[in-house]
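Open the model in your viewer and follow the stops below. Each one gives a selection and what to look for.

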Amino acid sequence: AVTAFAECLPATFSTGARRTAAALEVLPEAYGQAVKAARVGRQLHGPGAVAHFDQLGVYRLLSLVSDTEELHAFVRETLGPLASDTDADNGDLRRTLQVLLETNLNVAETARRLHFHYNTLRYRIGKLERMLGDFTEDAHLRLNLTLALHVLRMRGI
């Protein structure tokens, strides 16, 4: 099933798809998944996005949470001061945290990707740990931080 969303002037379309429906009875479910893929794709990639339901990964699960205030609360509780942009450094620190998590805490690779000196990154890691807790040692905290960053990206908080 495939669906598309359009916005008025200028018209842009986002497309969502899911696997082919094997039987007529599952067509409503297939349509619902295509709609969800289109909505999530637009949230993540903006107008004109093409998204496949089966490739949404964790965003597929996050899209099932209809209580957006609860998602906002989770982000605030998990990221603390990094959840907002009241301080100009917060966006940069979130980006540092995101790349650290994407590289599985590989400091050298993170420094290379962010074009930081190794010592600058070590300083930032210390600052992040003072703000968020010992995420380099706590796998559950890293998971929560990763999810909070995904929610921020998906919901545009």
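A crossing is right-handed if the near helix is turned clockwise from the far one by less than a right angle, and left-handed if anticlockwise. Helices are DSSP runs (H or I, at least four residues), numbered from the N terminus. This is a predicted model: local features need pLDDT of at least 70, side-chain atom pairs count only at pLDDT 80 or more, and totals for chains, interfaces and linings use all residues. Residues are numbered from 1 along each chain as its sequence is written, and side-chain values use heavy atoms, without hydrogens and water.

**Stop 1: two helices.** Select α4 (residues 89–102) and α5 (residues 107–114). Their axes (lines fitted to C-alpha atoms over the stretch in contact, with angles from 0 to 180 degrees between N-to-C directions) come within 9 Å and cross at roughly 135 degrees. The crossing of α4 and α5 is right-handed. Now show the contacts (heavy atoms within 4.5 Å). Arg95, Thr96, Val99, Leu100 and Glu102 of α4 meet Thr110, Arg113 and Leu114 of α5.

**Stop 2: Phe135.** Which residues does Phe135 touch, leaving out those up to four places away in sequence? Select Leu97, Leu100, Leu105, Ile125, Leu128, Glu129, Leu141, Arg142 and Leu145.

**Stop 3: Leu62.** Go to helix α2, where Leu62 sits.
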